[in-house]
Amino acid sequence: MYKKKIHSLDKSYFAEILFSSPDKYKKFEKLSYESDNISTMGSCNSYVPASFNKNQLSIELKNFNRIIEFDKKNKLITVESGIQLSELCSFVLPHNLWIPQMPGYPTITIGGIVATNAHGKSCSFHGTIYKQIKKIKIFHKIHGWLNLSENENKEIFELTIGGFGLTGSIIEVQLKLEDFLGNNFVTEIEETKSTKDTLNKIKQHNNSEIYYYSWNRTDNLKNFGKGFIFKNKKNFSKSLIVPKKINSSINNISSNLILNIWNDHTIKLTQTFYYIFFKYLKSKKYEEDFNNVIFPFIGKEIYFKSFGKKGFIETQIIVPYKKLELFVEEIEFLYKRYKPSITLYSIKNFKGSKRFLRFEDDGICFTFDFINNYNNLKFIGQLDKICENNFLTPSIIKDSRLKLSTIKKCYHEYEAFKNDIFQYDKKRIYKSAISDKLQI
Amino acid sequence: MSNLIIGASSGLGREIAYEFGKNSKNVILMSRDVKDLKVLRSDIQFKHNINVEIHELDFSKLDEVKNFISKNLDFLNRIDGILFPIGMMIENDTIKNTEEEFTSLFSANFYSVIFFISKIIDIFEIKNKGFIVGFGSISASLGRDSNIGYSCSKSALERYFEGLIVSNLKTKINIQFYKLGYLNTNLSASKKLLLPKGSPKKLAKKVIKNLDKKDLKTYFPKWWVLIDYAIKIIPFVLSKNIIKYFK
């Protein structure tokens with residue numbers, strides 16, 4: 001165990017922590033028994049400080065990354081929670097199996113996606129990772145080893161998925177795999193004239209396995225919402241299935257450049273270039289490999305680094321269908337008023353049922369990335385008010401800045417989650433900077 | 001063909017086990033941590049489709065090792081080669097260690113290893129083939145005030161392996177000894193070191209590649225050979241004063 005300086009991916013939270021990365025179960029248990037408060041850490045790729053807290057022990061599980069059981073016939077796999085998505089894909093894809101709920105970076109661990117109830121691009125069809133989880137094994141300093149499933153410790157099972165690691169260290173996960181036939185993807189691009197136009201087109205495909213998501217411009221009022229809809233379809237025309245290897249030697253995503261290179265000029269320049277490239281230079285239909293579609297940030301880590309030391313803010317909000325019109329009007333009004341510097345604006349379908357603090361609902365998911373500055377914070381503050389007044393769902397795991405008062409208003413089961421966690425673990429051993437913010 | 005890895009549940013031993021798997025060679029894994037061994041076995045079997053056998057055995061307890069060998073002589077006959085990527089360290093390993101601490105350290109790092117070899121070498125001689133691979137430490141090159149039991153036992157192991165090489169010059173048994181500098185394992189994770197750490201993965205690859213070589217004593221990372229020679233050339237009177245200066 002040693003001291004280590006660490007920060008969240010969005011650079012909102014810096015801390016000196018106690019860190020240990022055991023490679024044996026006995027060592028892991030010993031560390032857990034000897035510490036008053038514990039965070040469990042996967043790859044520490046979260047935008048928010050979900051796996052650490054100031055002066056507190058974080059137990060990294062990168063050495064617990066093995067396959068425990070694989071039942072190809074029944075499409076079930078049991079893995080240790082430290083296994084990264086790239087490692088899991090490298091094993092299951094040659095068997096033409098996978099999990100569709102893949103967040104966009106391959107070093108993210110299975111433990112991480114369970115603790116955050118992660119989703120992928122096809123969340124309107126496949127839902128969140130919740131749907132794939134059959135069993136979980138956790139270790140809790142007081143309760144010991146616990147098996148969780150629909151049939152065993154169901155209450156803790158529910159608290160653990162999307163529970164930010166507060167029920168104990170997630171050690172093993174059994175997942176239901178899905179078929180993945182074909183070798184790569186065919187991507188089609190459709191131009192869109194505004195946010196409303198994007199929504200009209202995207203809503204038509206809210207129950208499709210094809211991935212629909214948009215990239216929309218934010219560089220000025222005239223262009224706001226213009227952009228493209230990307231449709232990634234599995235390519236079944238290829239008869240030859242080649243083994244799909246995922247490169248796991250990925251750049252360090254969490255480092256940063258000395259200065260922030262993003263401002264209104266660079267945003268305009270890059271968005272204009274991107275728009276021209278896809279409108280005039282890129283074919284409207286082309287083949288893309290697995291990595292490009294599923295892990296779009298591989299090789300583009302510079303995007304995160306280029307925000308400099310101050311980092312960035314990402315806001316992700318699910319808006320129910322009936323409130324879309326109002327939300328879009330409000331966003332456009334606020335955009336005119338504050339002229340925020342938005343580096344990324346994207347829209348996709350979402351499907352799920354809101355429970356506890358899980359980022360789930362039926363509707364449309366809006367994603368915005370901002371430069372971390374005063375004006376943008378004022379704009380995002382107004383977004384928070386829209387969320388509170390309209391009972392929208394802002395993502396806790398993406399937005400470090402999100403206030404507890406907003407969370408309480410937007411997540412009606414906040415108190416239930418808090419009470420259940422306190423009832424289960426009266427000493428509140430498993431904590432993080434996020435749980436401190438949540439006062440849990 | 002079965003290759004026995006002692007201390008296989010973590011660090012270098014674990015990497016060597018995967019490397020055997022990648023080369024489609026069956027392995028027998030031995031460690032005191034059976035839970036880790038079980039998971040490692042399933043992972044290697046699923047990924048590389050080889051036979052993996054596991055045995056729980058604590059090398060820090062010489063009596064346990066003796067007992068295991070006496071009850072499993074048939075087991076020894078099945079082994080074609082043996083590797084000892086085992087290294088036990090304890091906190092506050094100083095000249096004031098208790099008898100129990102010294103006994104555990106010497107058993108794990110030296111006595112149990114040489115006892116095991118003394119039993120298996122007869123079998124290899126009859127088969128007229130086999131390999132034995134040991135792993136020492138650069139810390140064994142000079143007396144020190146920390147990790148004293150560890151460095152003493154590794155020093156003894158190094159002399160033993162030199163003896164083993166000399167004794168087998170005319171046999172077809174391959175004896176190999178790797179003297180290791182800093183490795184990027186859990187043991188060194190918290191230490192701020194002046195020199196870079198070697199990759200256990202690269203070492204494991206090298207070990208498997210070298211298995212056919214005879215009479216090998218080498219360093220990893222390679223450049224530690226220069227430091228080791230320098231330590232040997234400098235008289236103890238001088239090195240003692242250098243240590244005093246930096247303290």
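Predicted model: local features only at pLDDT ≥ 70, side-chain atom pairs only at ≥ 80, totals over all residues.
In chain A, four strands make up an open sheet of mixed pairing, arranged in the order E1-E2-E4-E3. Strand E1 (2-7) and strand E3 (38-41) of chain A are the edge strands, as each pairs on one side only. Direction ignored, neighbouring strands of this sheet are turned against each other by 45° on average. Strands of a sheet pair through backbone hydrogen bonds, and the pairing is either parallel or antiparallel. Both senses can be followed here through strand E2 of chain A. E1(A) and E2(A) are antiparallel and share six bridges, whereas E2 (residues 14-20) runs parallel to E4 (residues 57-60) of chain A, with three bridges between them. Phe19(A) takes part in both pairings: Phe19(A), in E2(A), is the bridge partner of Tyr2(A), and Ser58(A), in E4(A), is the bridge partner of Phe19(A).

Although Lys11(A) is not a glycine, its phi is positive, at about 65°. Lys11(A) has a relative accessible area of 4%, so it is buried. A second residue of chain A with a positive phi that is not a glycine is Gln439(A), with a value of about 55°. Gln439(A) is found in the segment after helix H14 (433-437) of chain A. Its relative accessibility is 46%, and Gln439(A) therefore counts as partly exposed.

Helix H1 (residues 25-34) of chain A lies across E2, E3 and E4 of chain A, and runs at about 165° to E4(A). A salt bridge joins the side chains of Glu34(A) and Lys30(A), with an N to O distance of 3.4 Å. Glu34(A) and Lys30(A) are separated by about one helical turn because they are four residues apart in helix H1 of chain A. An α-helix has 3.6 residues a turn, so residues three or four places apart point the same way. Glu34(A) counts as exposed, at 53% relative accessibility, and Lys30(A) is partly exposed, with a relative accessible area of 47%.

Two further helices of chain A contain buried residues. In helix H6 (residues 195-203) of chain A, the buried residues are Thr195(A), Asp197(A), Thr198(A), Leu199(A), Lys201(A) and Ile202(A). The elements against which the buried residues of H6(A) pack include strand E12 (185-192), strand E13 (211-216), helix H10 (324-338) and strand E18 (363-371) of chain A. Helix H5 (residues 154-160) of chain A contains Phe157(A). With a relative accessible area of 1%, Phe157(A) is buried. Its contacts, leaving aside neighbours within four places in sequence, are with Ile133(A), Lys134(A), Ile136(A), Leu148(A), Ser149(A) and Glu150(A). Phe157(A) and Glu29(A) are 128 residues apart along the chain, and their C-alpha atoms are separated by 21 Å.

In chain B, Phe220(B) and Pro221(B) are joined by a cis peptide bond, with omega at about -15°. Pro221(B) is placed in the loop between strand E7 (216-220) and helix H8 (224-233) of chain B. Leu238(B) counts as partly exposed, at 45% relative accessibility.

Over all chains, the count of salt bridges comes to 38. Asp219(A) and Arg217(A) form a salt bridge with an N to O distance of 2.7 Å. Asp219(A) counts as buried at 13% relative accessibility, and Arg217(A) is buried with a relative accessible area of 6%. Arg428(A) and Asp425(A) form another, at 3.2 Å from N to O. Here Arg428(A) counts as buried at 4% relative accessibility, as does Asp425(A) at 1%. In chain B, a network of salt bridges links Glu158(B), Arg159(B), Glu162(B), Lys179(B), Lys217(B), Asp228(B) and Lys232(B).

Note on methods:
Residues numbered from 1 in each chain as written. Chains lettered and ligands numbered in written order. Heavy atoms only, no water. Pairing = 2+ DSSP bridges. Helix = DSSP H or I, 4+ residues; strand = E, 2+ residues; numbered from the N terminus. Axes fitted to C-alpha atoms, helices over the stretch in contact; angles between N-to-C directions. Contact = heavy atoms within 4.5 Å. Buried < 20%, exposed > 50% of the residue type's maximum accessible area, 1.4 Å probe, protein only. Salt bridge = Lys/Arg side-chain N within 4 Å of Asp/Glu carboxyl O.
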